[in-house]
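Trainee: I have a structure open and want to learn how to read it. Can we go through it together?

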Amino acid sequence: MWFMKNKTAYLILMIAVIFIVIGINRGEAEVVLTKAVQICLECIGIG
Amino acid sequence: MNIIRKIREHVRLIVQITFTALSNGYVNGFLQGTIYKGTSKKICVPGLNCYSCPGALGACPIGSLQAVLNARQYQFSFYIIGILMAIGAFFGRFVCGWLCPFGLVQDLLYKIPLFKKLRRLPGEKYLRLIKYGVLLLFVIIFPISIVNIVGIGTPWFCKLICPSGTLLGGIPLVLKNPLLRETIGVLFSWKVLVLVTILVLSIKLYRPFCRYLCPLGAIYSFFNPIALYHMEIDQTKCTKCKVCQKNCGLDIPVYEKPNAMECIRCGKCIKVCPHDAIKSSIMLKKSEK
């Protein structure tokens, strides 16, 4: 039973790696960085 | 030997404090009332940790997910979803129990010996579903659908709910920046009210935010039943005495559901089991009988 469930986890991990690579290629990491290096006024309750 | 025993008894707390300190290690931010601007902020930390915390060295996964969904050119975030899937598939809600700074705050508050402790609130079963609604509406649907004239959305969860952003970001920055202090208004008051409510409730009830509101916990909960980090019950030893459930802060019947979606993997059940019937493990295990 756990071997079957482990297969699911490994499959998800594989898909996750593919997603991360696609996301980086699309420039999503840069979007995250652009947002994260500015004070998020909404997050701190100002904006 | 005594020291080693003490460390073993408090290993989770040590890991929580260490990880919080490491992921929020930009001390200059706290001293100067600013935030870190380095490239490590492309990478998401696993727990709920506002990237506007002065010390934050990484990005918040929930904030980042909303940021990408907010951006005009994306309707789906492969990068953040991929990170969440990877963390979830490895750890499930282990992150909640061991690596989340706001989880640590709640744990410490619960140790305060004030008020009679509650095990659950009325309507607990339904209250625990709220976090899935928060995830769906405030993290996914609202940021995509409620946009301004140029097509850019707002991080609604961060704006209206997230107590971590208020505690670790808003309050330190407002205290250190006179300009920010002048601009606080109704929204800040609302967020402080949400924060204070959760903090006070955390003294009486174990991890109320994680139980009822946290969208990140909601995401990781889907992975608990299949994550590589998992718990197992040795049915040859388990007598269904329910000591595990009685000691579980989240009132989970561990003997029946060792990988329940609500379990934050604190490990208390493993410690208290009188028959040593509960084990945690990572990676491949033999087939369950």
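The questions below go from cysteines to helices and then to a loop.

Mentor: Remember that this is a predicted model. Ask away.

Trainee: How many disulfides does a search of the whole structure find over all chains?

Mentor: A disulfide is a covalent bond between the sulfur atoms of two cysteines. To count as one here, the sulfur atoms must lie within 2.5 Å. A:Cys40 and A:Cys43 pass, with sulfur atoms 2.2 Å apart. Over all chains, the search finds 1 disulfide.

Trainee: Which cysteine sulfur is nearest to that of B:Cys100, and how far away is it?

Mentor: B:Cys100 is buried too, with a relative accessible area of 10%. B:Cys100 is in no disulfide. The nearest cysteine sulfur belongs to B:Cys214, and the distance is 6.2 Å.

Trainee: Now the helices. How are helix 7 and helix 11 of chain B oriented to each other?

Mentor: Two packed helices are described by the angle between their axes and the distance between the axes. Here helix 7 (residues 101-110) and helix 11 (residues 163-176) of chain B have axes that come within 10 Å. Those axes cross at roughly 90 degrees. The two helices of chain B, helix 7 and helix 11, are therefore roughly perpendicular.

Trainee: Which residues make that contact, and how many of them are nonpolar?

Mentor: Helix 7 of chain B brings B:Pro101, B:Phe102 and B:Val105. Helix 11 of chain B brings B:Pro163, B:Ser164, B:Leu167 and B:Leu168. No charged residue takes part in this contact, and 1 is polar. The nonpolar residues number 6.

Trainee: How many residues of helix 7 of chain B are buried, and what covers them?

Mentor: Helix 7 of chain B is mostly covered, with 7 of its 10 residues buried. Among them are B:Phe102, B:Leu104 and B:Asp107. The cover includes helix 2 (11-23), helix 11, helix 13 (186-204) and helix 14 (208-212) of chain B.

Trainee: Where does UniProt place a transmembrane region in chain B, and what percentage of residues 126-150 is helix?

Mentor: The unreviewed UniProt entry gives residues 12-31, 78-105, 126-150 and 187-206 of chain B. Take residues 78-105 of chain B: the end C-alpha atoms lie 31 Å apart, and the span is 86% helix. For residues 126-150 of chain B, the ends lie 38 Å apart. That span has 0% strand and is 72% helix.

Trainee: Last one. In which loop do B:Lys240 and B:Lys242 lie?

Mentor: B:Lys240 has a positive phi of about 55 degrees, although it is not a glycine. For B:Lys242, phi is near 70 degrees. B:Lys240 is partly exposed at 45% relative accessible area, and B:Lys242 is partly exposed at 39%. Both B:Lys240 and B:Lys242 sit in the loop between strand 1 and helix 16 of chain B.

Technical notes. Residues numbered from 1 in each chain as written. Chains lettered and ligands numbered in written order. Predicted model: local features only at pLDDT ≥ 70, side-chain atom pairs only at ≥ 80, totals over all residues. Heavy atoms only, no water. Axes fitted to C-alpha atoms, helices over the stretch in contact; angles between N-to-C directions. Helix = DSSP H or I, 4+ residues; strand = E, 2+ residues; numbered from the N terminus. Parallel < 35°, antiparallel > 145°, perpendicular 65-115°, else oblique. Contact = heavy atoms within 4.5 Å. Nonpolar A, V, L, I, M, F, W, Y, C, P; charged D, E, K, R; others polar. Buried < 20%, exposed > 50% of the residue type's maximum accessible area, 1.4 Å probe, protein only. UniProt positions renumbered as here; feature names shortened; annotations may be inferred.
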